[in-house]
Amino acid sequence: MNQNLANRRIFAEWVVQAQRSAERFAVMVVSVDRYDEISNAIGKENGDDILRQVAQILKKIIWKKDGLAKCDGSAFAILLRMKDGSGVTKAADKIRDAFSSPISVADHSIYVSLSIGISVFPDDA
C-alpha cells in the first residue's frame, strides 16, 4: 500500500518540530476497525485496497498544512495544527462523516468504521 504517505519516523519528527515551535496541535490516530477480519475475508490485496481508499479519503479531509502518515497495520496518524480546540472536533466529525458510505472493493461494498484517538498539545502533554 503506497500512497506517498509519511511513515512513523517522519511523523515523529513533525511532532517534535510542532512542540519546539510551541504551537497548539493535535495528534489523531485513526484505525480501521476489524481490519484483519475484513482482510482475511476478502483477501489481502483487497484489504490493501481498502487502506488505499481510506488514505485517499483522509488526504482529502485534512489541510495541506497538516500531516498524514501511515503507521502500523491499519492505523494512520494525523498532525493537526490549530488555533483552538474546535478544529480537532470538526476534523473528527468530518472523518466520521466521510465514512458513512460504503467503500467498493472488488465485488464488495464494505462499510468501514474507524476508531479515532485524539491528544491535544499542550493540554494533554
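These questions and answers walk through a predicted model, one local feature at a time.

Trainee: Why do residues three or four places apart point the same way in an α-helix?
Mentor: Think of the turn. Residues at that spacing point the same way because an α-helix has, per turn, 3.6 residues.

Trainee: Is helix 2 parallel or oblique to helix 3?
Mentor: The axes of helix 2 (residues 35-42) and helix 3 (residues 44-61) come within 6 Å. They cross at roughly 135°. Angles over 145 degrees would count as roughly antiparallel, and 65 to 115 as roughly perpendicular, so this crossing falls in the remaining class. That makes helix 2, relative to helix 3, oblique.

Trainee: How many nonpolar residues are in the contact of helix 2 with helix 3?
Mentor: Helix 2 brings Tyr 35, Ile 38, Ser 39 and Ile 42. Helix 3 brings Lys 44, Asn 46, Gly 47, Asp 48, Ile 50 and Leu 51. By class, two residues are charged, three are polar, and the nonpolar ones number five.

Trainee: Is Ser 39 buried or exposed?
Mentor: Ser 39 lies in helix 2. Beyond four places in sequence, Ser 39 touches Lys 44 and Gly 47. Its relative accessible area is 8%. Buried means under 20%, so Ser 39 is buried.

Trainee: Which residue just after helix 2 takes a positive phi?
Mentor: Its phi is about 100°. The residue is Gly 43.

Trainee: Where is Arg 34, with its positive phi?
Mentor: Most residues other than glycine have a negative phi. Phi of Arg 34 is near 55°. Arg 34 is partly exposed, at 48% relative accessible area. Its place is the loop between strand 1 and helix 2.

Trainee: Is Ala 106 buried or exposed?
Mentor: Ala 106 is in the loop between strand 4 (103-105) and strand 5 (108-110). Its phi is positive too, about 50°. Its relative accessibility is 56%, and the cut-off is over 50%, so Ala 106 counts as exposed.

Trainee: What is the span of helix 4 from its first C-alpha to its last?
Mentor: Helix 4 (residues 86-98) has 13 residues. At 1.5 Å a residue, 18 Å is expected. The model's value is close to that: 18 Å.

Trainee: Which residues of helix 4 are buried?
Mentor: What covers them includes strand 1 (25-32), helix 3, strand 3 (75-81) and strand 6 (114-121). The buried residues are Val 88, Ala 91, Ala 92 and Ile 95. Their arc around the axis is only 100°, so they lie on the same side of helix 4.

Trainee: What separates the C-alpha atoms of Arg 81 and Trp 63?
Mentor: Arg 81 is in strand 3, and is partly exposed at 21% relative accessible area. Its contacts beyond four places in sequence include Glu 23, Phe 25 and Asp 66. Trp 63 is 18 residues apart from Arg 81 along the chain, and their C-alpha separation is 9.1 Å.

Trainee: Which residues does a cis peptide bond join?
Mentor: Most peptide bonds are trans. Here omega is about 10°. The joined pair is Phe 121 and Pro 122.

Key: Residues are numbered from 1 along each chain as its sequence is written. This is a predicted model: local features need pLDDT of at least 70, side-chain atom pairs count only at pLDDT 80 or more; totals for chains, interfaces and linings use all residues. Side-chain values use heavy atoms; hydrogens and water are left out. Axes are lines fitted to C-alpha atoms, for helices over the stretch in contact, and angles run from 0 to 180 degrees between N-to-C directions. Helices (H or I, at least four residues) and strands (E, at least two) are DSSP runs, numbered from the N terminus. Angles under 35 degrees count as roughly parallel, over 145 as roughly antiparallel, 65 to 115 as roughly perpendicular and the rest as oblique. Contact means heavy atoms within 4.5 Å. Ala, Val, Leu, Ile, Met, Phe, Trp, Tyr, Cys and Pro count as nonpolar, Asp, Glu, Lys and Arg as charged, and the others, Gly among them, as polar. The expected span of a helix is 1.5 Å times one less than its number of residues. Buried means under 20% relative accessible area, exposed over 50%, partly exposed in between (1.4 Å probe, protein chains only). The arc is that of the directions from the helix axis to the C-beta atoms.
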